[in-house]
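Okay, thanks everyone for making it.

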Number of protein chains: 2
Amino acid sequence: MTQVAAIIGGGVIGGGWAARFLLMGWDVRVFDPDPEAQRKIGEVIDNARRSLPGLSDVALPPEGTLQFHDTISDAVADATWIQESVPERLELKRKVFQTVQSHCAHDAVIGSSTSGFKPSQLQGCATRPDQIIVTHPFNPVYLLPLVELVGTSQNPDAFLDRAKAVLTGLGMYPLQVRAEIDAHIADRFLEAVWREALWLIKDGIATTQEIDDAIRYGFGLRWAQMGLFETYRIAGGEAGMRHFIEQFGPALAWPWTKLMDVPELTEDLIAQIAGQSDAQSGQYSIRDLERARDDNLVTILRGLKAQNWGAGALLNRHDAAVEGAIVLPDDLSHPIVTVKRAIPLDWTDYNGHMNEARYLQAFGDATDRMMILVGCDADYIAAGQSYFTAETHIRHLGEAKAGAVIRITTQVLQGQGKKMHLFHQMFAGDQLIATGEHMMIHVSLQTRRACLPSTSLAQTLGRIAAAHAALPRPAGVGKAVGVKG
Amino acid sequence: MTQVAAIIGGGVIGGGWAARFLLMGWDVRVFDPDPEAQRKIGEVIDNARRSLPGLSDVALPPEGTLQFHDTISDAVADATWIQESVPERLELKRKVFQTVQSHCAHDAVIGSSTSGFKPSQLQGCATRPDQIIVTHPFNPVYLLPLVELVGTSQNPDAFLDRAKAVLTGLGMYPLQVRAEIDAHIADRFLEAVWREALWLIKDGIATTQEIDDAIRYGFGLRWAQMGLFETYRIAGGEAGMRHFIEQFGPALAWPWTKLMDVPELTEDLIAQIAGQSDAQSGQYSIRDLERARDDNLVTILRGLKAQNWGAGALLNRHDAAVEGAIVLPDDLSHPIVTVKRAIPLDWTDYNGHMNEARYLQAFGDATDRMMILVGCDADYIAAGQSYFTAETHIRHLGEAKAGAVIRITTQVLQGQGKKMHLFHQMFAGDQLIATGEHMMIHVSLQTRRACLPSTSLAQTLGRIAAAHAALPRPAGVGKAVGVKG
């Protein structure tokens, strides 16, 4: 039977919870007195619908149903999970819990999204304190897996285990906090950084933009994959975590931040940290960790390149500067070099070589370059016309591994009317490792149907096709799968 | 003419600089008295060679030459850039600068990798203080773009501009710090977080593993792309940055961290931050920023899935739990459903639909699933045999946009000897949007040559092929590009 979640308090956080439950197949019942609640939560759910399902490599269960209720009692009646995300005022939260507990099942989980309060504060004057825990998520709730789960001795272990199982089922990572403190764990770091940032701005050292750049072009990229200690373990090198701590210990006494209430770095504390780090990462050598870090950084940076954002936008600008202007060669008596690049770390697969989809990505880049050379550039596309691929035939003749430099040459087999028929050859050194034959059709982006290209494009393409007609017909052209070339 | 960089002090940081200069086409001359320097720097350069060139979508210039020198004077003689990365002892650094300046060109840039010292401290007793600046990079230097550039009034503007141009040419982002302070900008945050982390461990609230998880499953993913203020601007929503600061201002007085030396949140400071945030991100609406953030998060998370690391490993475990056991259906009288998924945000391109390479990625996933179903799973591959794709023919019959659910069915056309000939059909709803015909060859991963599969695999594949032989031959099989199906 479909499970029911009650969302008490919408907004960005409550809406994010609603979206996650809904897209994971739960029925969701919302109580929020804000007359705009339905619109606001709807917007968050729209964002989630466009991003979460495709994040998964399998189909998610069918979406649950979403209902809005005028009373808390209606919203929580059939719920096995009740998530409270009302404003951060303790008295308000306690009042909400009183009402919730008058109407909800006694074995339902009541999770609070509070970022600051301890669960004992929330349980304070509750009818059934054992039912209330902190489940603190991070925005956007529908994409970030972290949820801090904090209970007290009032909450039975079996109850906490059940709560963790539900959160895991939602695709989240419940981090159970060992002892309750103000602001749990993650927000303590956020608060420390926030305080330091306020000092930097107040003292005129940096602007908000400069602070963000200092994060997203540097350690932010490290923290997306390894966090603080695993990163420092690598920095410590073969000498290990103890060495790292001892080396940086003295800085605790220095004004490297304005936040000077520091713990004493005793031998016990050093041993504790080094031991925990061994337990966490000791199964990897430093060399393993370095390579995992670099693989992760390359895949993150290349993803940001594709989005042309942050560090990825920087890298795209650098590529453009390295390459210089893109111009059609004067001499058209040879196939045109359309790609020259090294194979990235994240293009290889379980067979240890470039994955087949990446061959087509590289051939697609070669096609994109041909499009630019004939005049189908970003402006042309923005004006409403482009080329779509109708058909592709790839032959694999050799292998290529990460780091190998590949070069693609492109021959225009036909360039007339709506058709641009291309033949790409991919070389690693002198070896031909693959061919790609592609039929491109010129289209209107409005009708999504074939149409004739601009006169100027047709002329340029025709000129190349005429020159390439003199070239020998390459082996493999016009062949079907399984027919010897 | 090839430019020359001198690296004074190897190790992880000096080696990272050497690697970046070298791979960007500079000649590199190293001085490091450590007898192990050549091996250590060599290891860093090896890491850089496997990761940096493929990060770029264009071919980098040919690698420069690497030389090791016994004296500083030889290393710096022809250098236009001298990078000092010796241990963090002021007297040692000053001594190195004395020697460097006795032998280097007067217009060379002398950059220090110091994370803590201010440039005025480094310039203190130098012969030519105008030539010395802080250029503080982040590990791994060959991948992370950030470098903090800090000068003093002694450094002419034209000199600083030239230094910035060189760093930009290396693919880095020089963040010029407005006023020198201990630890510059980024390390102040790292130090604040480090201090907070020490408290959490000392107080028994969290282990190193739990702290890293709190970072890499949560805000670390946000910071890889937007940093602190742009993220909070989104959290503030349409009400804006001022609203966000006013809302969280009171927490400064609360024990949300143990680092309590906080600045006063005056009206002036609030206005300053809100104004800077407008200047930084005001060109985007909150809705734009939310979508950019989600696009970036999806691409980062999917990259980490491909690496099966961190938040990506979590997501893979969730996918596996949603999907359950993978088993061959009993009824083989229909093509087998091998993929069912939503199209991720990062699979679309400038034409607004799924990019051609992603069609092959999805067909490749379908082929992978067929391999598992016939018995060519991870264990089989680890034992030394697999299938390679020899040939592929894709026909595009319709479009699909991000979020659309696609389904791929697979028919075995031939499954005999070394060959597995597959025909995939991709549907969006009821519409056939693409077909993929693939010739797979069974290979030995040792010889990289064709060989017969195991008896068990051959039997399973044969059984499917026999059942599928009764199915009608799909339209489009055995066709060449441009030949009507």
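Quick word on the annotation before I use it: UniProt positions are given here in the numbering used for this model, and an annotation may be inferred rather than shown by experiment. Also, please remember that this is a predicted model.

With that said, for chain A, UniProt lists residues 5-178 as "domain: 3-hydroxyacyl-CoA dehydrogenase NAD binding", and that comes from an unreviewed entry.

Now, the interface. How many residues of chain B are in contact with chain A? It's 173, and they touch 173 residues of chain A. The area buried between the two chains comes to about 17100 Å², with carbon and sulfur atoms giving 62% of that.

On the polar side, 88 residue pairs are in polar contact between chain B and chain A, counting pairs with both residues at pLDDT 80 or more. Who supplies the surface on chain B? Helix α12(B), residues 286-307, has the largest share of the side that touches chain A, with 19 residues. By class, that side of chain B has 90 nonpolar, 42 polar and 41 charged residues.

As for the charges, there are 16 salt bridges between the chains. One example is D57(B) with R302(A), where the closest N and O atoms are 3.1 Å apart.

β10(A) and β10(B), residues 385-396 in each chain, run antiparallel and are joined by five bridges. In that pairing, E391(A) stands opposite R395(B).

Definitions and conventions:
Residues numbered from 1 in each chain as written. Chains lettered and ligands numbered in written order. Predicted model: local features only at pLDDT ≥ 70, side-chain atom pairs only at ≥ 80, totals over all residues. Heavy atoms only, no water. Contact = heavy atoms within 4.5 Å. Buried area = accessible area lost by both parts, 1.4 Å probe. Salt bridge = Lys/Arg side-chain N within 4 Å of Asp/Glu carboxyl O. Polar contact = N/O pair within 3.5 Å; in protein donor to acceptor, adjacent residues only side chain to side chain. Helix = DSSP H or I, 4+ residues; strand = E, 2+ residues; numbered from the N terminus. Nonpolar A, V, L, I, M, F, W, Y, C, P; charged D, E, K, R; others polar. Pairing = 2+ DSSP bridges.
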